[in-house]
Amino acid sequence: MTRQHHPRPHPHAASHQPRHRLPRWQRRGLYLTGAALLLTGLVWLALHYSVGAGAGELPHPLEAWCLRVHGLAAMLGVFVLGALGGGHVPQGWRLSARWPLAGQRRTGVWMCTLAGLLMLTGYVLYYFAPEDLRPALGWLHTALGIGMVGLVLLHRRGSI
Ligand code: HEM
Ligand code: HEM
């Protein structure tokens with residue numbers, strides 16, 4: 001039997017594989033701001049469309065608070081993403097040229113794209129959205145946000 005030619009991991013490769021951990025403050029910052037954005041976004045949606053302005057009632061007082069916290073978490077989150085852009089992304093790019101980290105490059109590029117679209121749709125929601133477009137834009141923004149959370153889970157390997 002001849003040996004197959006596709007690349008195989010060296011028997012000891014597992015222990016020598018590059019690990020590309022984020023600095024702790026960046027990992028925590030990412031997960032904390034991400035969780036806050038998801039939570040405040042989802043609570044706002046639930047209130048808005050059940051008892052608030054989206055259901056034809058007066059806005060629920062907590063709606064405004066959800067978006068105040070959401071906006072704060074968004075600004076902090078964008079700061080952390082900026083820090084990743086200076087270190088993690090270029091280093092990760094070099095590490096992920098081929099197997100076993102090629103998937104990280106694919107999901108990483110998607111996350112950068114989604115993060116840009118989240119900032120753009122968030123900005124438009126805040127400064128421009130005409131009332132008739134606002135709900136659709138809000139749902140698009142939410143879908144991007146949930147996609148981003150899913151991608152982070154796919155992208156990282158191993159435990160927190
Ligand atoms: C083109 C862009 C990117 C590339 C090429 C890339 C590449 C990588 C690579 C190679 C790893 C190592 C996986 C491992 O060793 O197990 C990694 C881990 C990780 N990346 Fe990225 N990445 C990119 C963008 C991002 C972005 C935008 C985020 C966050 C929104 C992110 C969050 C993470 C996290 C949380 C980990 C796990 C590391 C840890 O828990 O400390 N990455 N990335
Ligand atoms: C980097 C990530 C994110 C950024 C930069 C961001 C930014 C923003 C901004 C600036 C607004 C406008 C706030 C206002 O009108 O007062 C907003 C609204 C909103 N965001 Fe996010 N957001 C992010 C992630 C998320 C996630 C993960 C969700 C998931 C549920 C989400 C759901 C919402 C919802 C439901 C609204 C209200 C939409 C509306 O007013 O019709 N966002 N976001």
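**View 1. Residues around ligand 1 in the predicted model.** Among the 25 residues around ligand 1, those that come nearest are His20, Gly92, Gly108, Arg156 and Arg157. The model shown here and in the following views is predicted.

**View 2. Helices that supply the shell around ligand 1.** At least two residues of this shell are supplied by each of α2 (24-50), α4 (88-95), α5 (102-127) and α6 (134-155). The largest share comes from α5, which provides 6 residues. Sorted by class, the shell around ligand 1 consists of 11 nonpolar, 8 polar and 6 charged residues.

**View 3. The contact of α2 with α6.** Two packed helices are described by the angle between their axes and the distance between the axes. For α2 and α6, the packing angle is about 145° and the axes lie 11 Å apart. The crossing in which α2 passes α6 is left-handed. On the α2 side, the residues in contact are Gly34, Leu37, Leu38, Gly41 and Leu45, and these meet Thr142, Gly145, Val149 and Val152 of α6. This contact of α2 with α6 comprises 5 nonpolar and 4 polar residues, with no charged residues.

**View 4. The chain that surrounds these sites.** The secondary structure of the chain amounts to 6 helices and 0 strands, and along the sequence the pattern reads α-α-α-α-α-α. Of the 160 residues in the chain, 12% are buried.

Conventions: Residues are numbered from 1 along each chain as its sequence is written. Chains are lettered from A and ligands numbered from 1 in the order in which they are written. This is a predicted model: local features need pLDDT of at least 70, side-chain atom pairs count only at pLDDT 80 or more; totals for chains, interfaces and linings use all residues. A residue is near a molecule or strand if its C-beta atom, placed from the backbone, lies within 6 Å of it. Helices (H or I, at least four residues) and strands (E, at least two) are DSSP runs, numbered from the N terminus. Ala, Val, Leu, Ile, Met, Phe, Trp, Tyr, Cys and Pro count as nonpolar, Asp, Glu, Lys and Arg as charged, and the others, Gly among them, as polar. A residue is buried if 20 or more other C-beta atoms lie within 10 Å of its own, exposed if 12 or fewer, and partly exposed in between; C-beta atoms are placed from the backbone. Axes are lines fitted to C-alpha atoms, for helices over the stretch in contact, and angles run from 0 to 180 degrees between N-to-C directions. A crossing is left-handed if the near helix is turned anticlockwise from the far one by less than a right angle, and right-handed if clockwise. Two residues are in contact if their C-beta atoms, placed from the backbone, lie within 7 Å.
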